[in-house]
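Please read the points below with the coordinates open beside them.

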Amino acid sequence: WTSLLKRLESEAQERRGERERERERETRPKARQKTQRGAREIRWGENTDGSREERTKITMPVPDQVIVHPLVLLSVVDNYNRVAQNTRKRVVGVLLGEVKRGVVHVTNSYAVPFEEDESQGAIWFMDYTYHENMYAMFRKINAREVVVGWYSTGPRLREADLEINQLMTKYCKQPLLVIVDVKPRGDGIPIKAYCAVDEVKEDGTERAKKIFVHIGSEVGAHEAEEIGVEHLLRDVKDATISTLSTEVSNRLSALGDLSKYLEDIRCYMGMVLEGKLPINHEIMYNLQEAFNLMPNLNVEEVDKAFAVKTNDMMMAMYIASLVRSVIALHNLINNKEGRMATAKGKVAEPAKKAGEAKA
């Protein structure tokens, strides 16, 4: 009886194994299954016994885009100027925001005490207790803002970044790393966003390791933030830049924005014509109203009037710039003559005193 029971048990196990293999064959993908952007693919390989197993694990989904708001950039620059200005150190802080449809909106941030050894990048210290206290206070102000990652003034990836990112996984599942260049060189945006994903060898010879992948990023703002930034830039004036060059640069910037908006309108209208998007009558009404407000430049009188008005405005700006330059040169000459007269007076005074002493 004992041998019979053992044989029946072994046969039952074999049948269960066959059923599991059949179920696996029915449920396994026929081709590669792709995860979201930045994640790995699933590959299936044959074992020695004929069964198939997964070779590469699926990593967590990576956000499609990161939008950094102006308040965050101002906070990062202020932190750098207070802590690490004129040094080779970098500053680190926590990013707060929310995720909407795969897009991360970074709306707020705060600095965190951070130190690292410049000679040995693997030695670093981050006061996470301070971070937890600050985050608890921020949650009382705005509960919708959660931890979405951390920032660094880089200006490049460093050795300890993966370890810091691993520490931030305690507070969010997929933390982002945003490197802010506080001393940008060029016209591009001074931010780069990264996300850590698992890299697994297909043959399974090595353990999984974390690597940073780049994510598209841009600077965006709500309407209230745009108004605040405009008022802030209005107060920041450079006296060395003439009014003419400022006006020209503003016109170029406005034309660039107009070109971008027109391209967005063209893409939207194309998708509506192709049937990919439904018709939004409110958008169509606003577009029609904007086109109706445009002047008809095909009329010769209107075209001539625009040209005359533009030429008159540019002539006034040019003359004002020349007058300003002449006044600046005049003040420079007066200042130089005053300094020379003062210097002559200082030289003549000792000689006068010496003559009075001899007399």
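1. In this predicted model, the sulfur of Cys 172 lies 9.1 Å from the closest cysteine sulfur, that of Cys 195, which is too far for a bond. A disulfide would need the two sulfur atoms within 2.5 Å, and the structure as a whole holds zero disulfides. Cys 172 is buried, with a relative accessible area of 11%, whereas Cys 267 counts as partly exposed at 36% relative accessibility.

2. Turning to charged pairs, a search of the whole structure finds eight salt bridges. In one of them, the side chains of Arg 90 and Glu 116 meet at 2.9 Å, N to O. Arg 90 lies in the loop between helix H2 (70–83) and strand S6 (92–100), and Glu 116 in strand S8 (residues 114–116), so the pair ties together parts that are 26 residues apart in sequence.

3. Lys 276 forms a salt bridge with Glu 274 at a closest N and O separation of 3.3 Å, and both Lys 276 and Glu 274 are exposed.

4. Glu 145 sits in the loop between helix H3 (128–141) and strand S10 (146–152), where a polar contact of 3.0 Å joins its side chain to that of Thr 107. Not counting residues up to four places away in sequence, Glu 145 touches Leu 96, Gly 97, Thr 107, Asn 108, Tyr 135 and Arg 139.

5. The geometry of helix H2 is consistent with expectation: at 1.5 Å a residue, its 14 residues should span 20 Å, and its end C-alpha atoms are 20 Å apart, which agrees. Within H2, the residues Pro 70, Val 72, Leu 73, Val 76, Asn 79 and Tyr 80 are buried.

6. In helix H6 (residues 243–273) one finds Val 272, which is buried, with a relative accessible area of 14%. Once its neighbours within four places in sequence are left aside, Val 272 is in contact with Leu 277, Pro 278, Ile 279 and Met 284.

7. The peptide bond from Gly 154 to Pro 155 is cis, with omega near 5 degrees, and Pro 155 is placed in the loop between S10 and helix H4 (161–168). Asn 86, in the loop between H2 and S6, has a positive phi of about 60 degrees although it is not a glycine, and at 70% relative accessibility it counts as exposed. Arg 101, found in the loop between S6 and strand S7 (103–112), likewise has a positive phi, near 55 degrees, and is exposed, with a relative accessible area of 85%.

Conventions:
Residues are numbered from 1 along each chain as its sequence is written. This is a predicted model: local features need pLDDT of at least 70, side-chain atom pairs count only at pLDDT 80 or more; totals for chains, interfaces and linings use all residues. Side-chain values use heavy atoms; hydrogens and water are left out. A salt bridge is a side-chain nitrogen of Lys or Arg within 4 Å of a carboxyl oxygen of Asp or Glu. Helices (H or I, at least four residues) and strands (E, at least two) are DSSP runs, numbered from the N terminus. Buried means under 20% relative accessible area, exposed over 50%, partly exposed in between (1.4 Å probe, protein chains only). A polar contact is a pair of N or O atoms within 3.5 Å; within protein, one must be able to donate a hydrogen and the other to accept it, and residues adjacent in sequence count only if both atoms are side-chain atoms. Contact means heavy atoms within 4.5 Å. The expected span of a helix is 1.5 Å times one less than its number of residues.
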